[in-house]
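The entries follow in the sequence of looking.

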Amino acid sequence: MESLIGTPTDQAPANPAATDDVLAAQPVGYWCGLAHTAVTRHLRDAMAKIDVTQPQYWVLNRVNGGPTAPSREEVVAQLTHLADGPYEIARVVDQLLHRAWLRIDDGRRLHLTDAGEAARARLRELATEVRAVVHKGISDEEYVAALKVLRKMVANVEGDGTAGHSF
């Protein structure tokens, strides 16, 4: 493997004040983590103002989003990887049942109530508003390019399990 030390892609310490000419040496994990934290906090703060959580939005979307109504177990299995812990999604389902935003039919399938659909629609509007703030000054082309780069980086390290480890 050819050494990259001293090249423009040599790894530099994370620096929030890095100038454009040294950004190529900045650690992607730092910047992805910083972006994730800032965007998630902004979204969750906006949702908190209307007494809703991001996991509640995930559940409302999942219950609404399939060709057939999901069971509680299906929702939990499909969303737990996004949650802060293994029991969070089950608790959210209980919260939404208590709020009467979800109901369970005789077949143990979850459905949105009218109030749940109204909340989901309002949250979708809010998420669109938050997206506009996050994307301010960023063209769709720039956004797509950034995501393609991130997707490629993920493939580089997860692809066949050999990328990045030749030592």
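What covers the buried residues of H3? I noted first that this is a predicted model, where local features need pLDDT of at least 70, side-chain atom pairs count only at pLDDT 80 or more, and totals for chains, interfaces and linings use all residues. Residues are numbered from 1 along each chain as its sequence is written, and side-chain values use heavy atoms, with hydrogens and water left out.

Entry on H3. I found that the cover includes H2, H4 and strand E2 (110-112); helices (H or I, at least four residues) and strands (E, at least two) are DSSP runs, numbered from the N terminus. The buried residues of H3 (residues 72-79) are Val 75, Val 76 and Leu 79. They fall within an arc of 95° seen down the axis, so they line one face of the helix; the arc is that of the directions from the helix axis to the C-beta atoms. Glu 73 and Ala 77, on the other side, are exposed. Buried means under 20% relative accessible area and exposed over 50%, with partly exposed in between (1.4 Å probe, protein chains only).

Entry on Arg 120. I located Arg 120 in helix H5 (residues 114-134). Is Arg 120 buried or exposed? Arg 120 counts as buried because its relative accessibility is 13%. Leaving out residues up to four places away in sequence, I listed its contacts (heavy atoms within 4.5 Å): Arg 120 touches Tyr 57, Leu 60, Asn 61, Asn 64 and Leu 112.
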